[in-house]
Amino acid sequence: MNRTVCVIIPVWNEGKVIQKTIRDVLKVYPFVVCVNDGSRDNTAAEIKKTQAILIEHPINMGQGAALQTGIEYGLQHPEVEYFVTFDADGQHNIKGVQKMHKVLVNKEQDIALGSRFMGSTVNMSSFKKAAFRFAILFTNIFSGIRLTDTHNGLRMFNREFAKNLNITMPGMAHASEIIDKIGSGNWRYKEVPVTIRYTNYSKSKGQSTLNSVNVLFELLFSRVGR
Amino acid sequence: MIIRGVLVVCIGLLLVWVLRQRGSLVGQAWGKILAIGLLTAAVIAVLFPDITNMLANAVGVGRGADLLLYGLTVVFLASILLYNMRRRDDQQKMTKLARRLAIIEANQQPHNQRLSRAKKT
C-alpha cells in the first residue's frame, strides 16, 4: 500500500541534511522523488547515495516548479495513487504523512493539509507567528476556504487532484495557488495536525526576517493577473 | 477639471484592456493601431505646437507640455505593466521547457531506471 504513495522532495542546496531526510522517509515509503532545483552544493551527489529517484532541473525555477516536476514524473507511473509534498530540510516528520495517509485511504477526502497550529510548534519565533497569522488571514479571505495553516509544505493529495493541479506561480506563491485550486473546484480537504521542527539548521537556512517581506509581497501581488 | 476624470478613466481602461488582450491577435492589432496613432499625434504635436496648448486648455490643463507629460506617464506605466506580464509569460514557457528536459533526462538515468523497476515489484 505504501508503494502507491509518491513522496516529492524539492531540494535546493540542502547537501548537509538531505541524506538524513530521504532515509527517514524511505523507512516508510519506498517511492521518493527528489527534484534538485539547480543546487550549487553537493546535493545531487548526496541524493545519488540513497534509494531516492533524482530529477535535476537544468536551471533554478523555485520550489513550486520543483513540486510540479515531481508530480508530472509521478503521474507517469500508473500505480501511484497519492502524492506527498515534503520539505528537504528536516522540518517535516514522516509520522504526519502516515496520519494523512490514513485520512485519504478512506476515499472521503481528496487532499490532506498539514497544520502546525493544530499540532505543536517547536521553537517558533513570535515574529514568524505574527507574519503567519497575517498570511493565513489574507489567504483565507481570498481563497474562500478556511484553514488554520495556509503555508505548510506538508500535504498529501490523490491522483485526481494531482492531475488537475498545475502549479505555475514562481517562487513561494505556489502555496496559495494550491489553496486557490482547492477552493475553486469541488475538492474535499481536511487539515491534519503535524509537528514542525525548527532546528538551528532550519532556522539559519529558513526565511530571514527581511525575506518575510518578499514572501508577503509575492503573496499579495501573485493574485494580480491570474 | 476634466483632465483628472479623463486620466483616471484612461488608466483604468488600459489596465483592463492590457490584462485581457495580451497575446491575442485582436490585442496585437489594436496595439499596432495605438502605436501608429501615438506616433502620428507626436509628429503633429511637433509640427503644430499650438495644438497641444489648445487641447490642454480644453481639458483644463495649463500648458500643452503638461498634457504631454500626463499622456507620457500613462503610456509609460502601461508599458511597464505589459513588459512585466510578457516576462512572466516567457518565464512560464522556459519552465515548461526545462521541466520536459529534466524528466526526459531523469527517465534515462540508470540510477533512476533501476529504482523504478525495483519499486514496481
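Predicted model: local features only at pLDDT ≥ 70, side-chain atom pairs only at ≥ 80, totals over all residues.
I started with chain A and found an open sheet of seven strands in the order β3-β2-β1-β4-β7-β5-β8, with mixed pairing. My helices (H or I, at least four residues) and strands (E, at least two) are DSSP runs, numbered from the N terminus. I call two strands paired if DSSP finds at least two bridges between them.

Residues are numbered from 1 along each chain as its sequence is written, chains are lettered from A and ligands numbered from 1 in the order in which they are written, and side-chain values use heavy atoms, with hydrogens and water left out.

Which strands of chain A stand at the edges? I found β3 and β8 (189-193) there, each with a single partner strand, so one side of each has no neighbour in the sheet. From one strand to the next, the twist averages 20°.

I then looked at β5 (residues 111-115) and β7 (residues 155-158) of chain A, which run antiparallel and are joined by three bridges. Opposite A:Leu113 I found A:Arg155 in β7(A).

**Helices on the sheet**

I saw that α3(A) packs on the sheet and touches β1 (5-11), β2 (32-36), β3, β4 (82-85) and β7 of chain A. Contact here means heavy atoms within 4.5 Å. The direction of α3(A) makes about 150° with that of β1(A). For such angles, axes are lines fitted to C-alpha atoms, for helices over the stretch in contact, and the angles run from 0 to 180 degrees between N-to-C directions.

Helix α7 (residues 174-184) of chain A lies across β5, β7 and β8 of chain A, at about 40° to β7(A).

**Where chain A meets chain B**

I found 30 residues from chain A and 22 residues from chain B in the contact. The two chains bury about 2100 Å² between them, 57% of it on carbon and sulfur atoms. Buried area is the accessible area (1.4 Å probe) that two parts lose on being put together, summed over both.

How many salt bridges cross this interface? I got one, between the side chains of B:Arg99 and A:Glu72 (3.9 Å, N to O). The rule wants a side-chain nitrogen of Lys or Arg within 4 Å of a carboxyl oxygen of Asp or Glu.

On the side of chain A that touches chain B, β3 (53-56) and α3 (63-75) each supply at least two residues. With five residues, α3(A) gives the most.

**Inside chain A**

One I looked up joins the side chains of A:Lys20 and A:Asp24 (2.8 Å, N to O). These two are four residues apart in helix α1 (residues 18-26) of chain A, so about one helical turn separates them.

Last, I checked phi. A:Asn13 is not a glycine, yet has a positive phi of about 55°, and sits in the loop between β1 and α1 of chain A. A:Lys107, not a glycine either, has a positive phi of about 65° and lies in the loop between α4 (94-105) and β5 of chain A.
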